[in-house]
Structures are given as structure tokens and as C-alpha cells.
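User: I am new to this structure and would like to learn how to read its features one at a time. Could you take me through them slowly?

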Amino acid sequence: MIARATTYEELKEAISRAYPTLSPQLQRLSRYALDKPHDLALGTVAAVAQANAVQPSSLIRFARALGFDGFTQMQQVFRSHLVERGAPYRERIKRMQQGGNAAGGVLHQFVGEAVGELRQLEDNVDAGALHAAARLLVEAPQIHVLAQRRAFPVACYLAYALNQLELRARLLDGLGGMLGEFAHGIRPGDALLVASFRNYTPAVVEVALACRERGVSVIAITDSGLSPLKPAADLCFELGDDSTRPFRSLVGPLCFAQALVVGTGHQLAATSARRKARAPRRRRGQPQ
């Protein structure tokens, strides 16, 4: 008997664990639950079923697979999370998106979606985990940054910005098909900062898993708890991603990358201040 989750975080973990054993229809509902928790919290059985092209009975099976008696009981966990996170502002954004604006056209649509994405980002990222990631980057003798395809701009920015902080950061661009060979140079104790979103790049996932096995500290930036990067990561940031959009945005990942860099800068300054405070003060007249 599966233990029933009582909090949203527990439910996310339960969905991630159960995902490989579920049918294709229930896997589709799993992604919907993680990508659009607010829609699941507020939707009727019929509406959620229609959005996922499944029968309403599939929602009952999905809830029971996670240890609940029925869909309503599971939905209550999502609704509790909605109350905690302050739904009214999010709902205003959603109504703005749905209302449309012929005068604004495409730009208005993308700006509205970006605002919603950033609110979701704020909900998904734990400040304590962000602080821990910054500390790990500061303490690592060498930082390796890896991403390909859609996520590649995120890696480029991180490698550039971390070098501006005078940290040893190297971009693994896989030039000439040499990603595997370059990755072999990552040593235990180093940090691997890796980003990948659906559809995940197999080579990136393979490098992350191999590095974790060798004792490399892995920080993953991805979209959900179903990402194959999660098992490879010491710290995994699940930013959320609406894959139903024809053009998926990088607004959230790049904003997160900036927050991580600035947080790392703060951590670097704090570490430097502590070292200076511990250093013995020289007496007047003592030779330099």
C-alpha cells in the first residue's frame, strides 16, 4: 500500500517515483500535474480529462495509484498548495493571457506568458537550495557547465558570468563531437552545472550520471521531477515548463541563472569576509 502524500512536495516526489510504472495515459496525467498544478487544483474531472485526452476514469486510477481514495482527495493537496502560494495574482495573469489583445499581437502574448512563467519560477525554487548551490560553486576547485540544444544559451550565460566572478568555470560545448572526452577531465570534487529540458538531450544526461558516479557534485537545472537529470543531481532545480506551447520560453531558466550567479557572488563575498576575519592581525612594526 502506497503511503498517501499529505503535502504538495510529498505528492511531487510520489508522482516522480510512480511515473516509470504508470500506463501512458497516467504518465500524461503525471506531467500535467507537475507542469500545471494550479490547473489541476481548480479544474473539474471532466476539464482535466479533456485537457489530457483521457477518460475521466483515468483520473480516478491516477489518484489511486498514488494512494488516494479518489481524485477529489488528491486534488485537495493541490488546492492547499494553491492557497499557500497566493492564487489570485496568478489567476489575474491567466485571465490577461486568455483575454487576448489584437493591438498587442504576438508580443503581448509572449509578455503575458513570460510574466506567468516568472511567477511559477518563484514558486518552484527553494531559497535554501539556491543558497546551497551557490556555496557548492564557490567551494568547487573547478566548475564545468553543460547544456545543449535549447538549453545551450543558459550554459553560455552561466559560464560567462561565473568567470566574471573570477571562478574557474569551463563551458563543455562538445565541439567536434568530443563531449565524452572533455567530460572525462571532470574530477571528483569538481562541480558540474548542467541544464536540460524536455526533450532531454541523451548525451547531457549520460555525462551527468557518469559524473555523479565519479563523485562530482552535480547541480541540475531542469523542468520537472520527471526529468532524467534528477537521479544524477545533488541539487535539482525543477523550474516548470509548459510543453504545450509551440515556442517554449527561456525567460524562466535565464532568470534563474542570473539569480544563481548573483547568489554565488554574495556567497563569494561572505566567504572572503570570513577568511579576512580569521586572518591574524599584524602588530604595528611587525615585518610584512
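**Reading helices, burial and surface**

Analyst: Let us begin at the start of helix 9, where a side-chain oxygen of Asp-126 comes to within 3.1 Å of the backbone nitrogen of Gly-128. Helices (H or I, at least four residues) and strands (E, at least two) are DSSP runs, numbered from the N terminus. This is a predicted model, in which local features need pLDDT of at least 70 and side-chain atom pairs count only at pLDDT 80 or more, while totals for chains, interfaces and linings use all residues. Residues are numbered from 1 along each chain as its sequence is written, and side-chain values use heavy atoms, with hydrogens and water left out.

User: What span should helix 9 have, and how far apart are its end C-alpha atoms?

Analyst: The expected span of a helix is 1.5 Å times one less than its number of residues. The 13 residues of helix 9 (residues 127–139) should therefore span 18 Å, and the end C-alpha atoms are 19 Å apart, which agrees.

User: Which residues of helix 9 are buried, and what covers them?

Analyst: Buried means under 20% relative accessible area, exposed over 50%, and partly exposed in between (1.4 Å probe, protein chains only). In helix 9 the buried residues are Ala-129, Leu-130, Ala-132, Ala-133, Ala-134, Leu-136, Leu-137 and Val-138. Their cover includes strand 1 (143–146), helix 10 (152–164), strand 3 (191–195), strand 4 (217–222), strand 5 and helix 13.

User: Is Asp-35 buried or exposed, and which side chain does the side chain of Asp-35 contact?

Analyst: Asp-35, which is found in helix 2, is buried, because its relative accessible area is 10%. A polar contact is a pair of N or O atoms within 3.5 Å; within protein, one must be able to donate a hydrogen and the other to accept it, and residues adjacent in sequence count only if both atoms are side-chain atoms. The side chain of Asp-35 makes such a contact with the side chain of Arg-198, at 2.7 Å.

User: Where does Phe-247 lie, and is Phe-247 buried or exposed?

Analyst: Phe-247 lies in the loop that runs between strand 5 (235–238) and helix 13 (251–278), and counts as exposed because its relative accessible area is 59%.

User: How should I read the whole protein?

Analyst: Overall, the protein has 13 helices and 5 strands, and 46% of its 288 residues count as buried.

Technical notes: Contact means heavy atoms within 4.5 Å.
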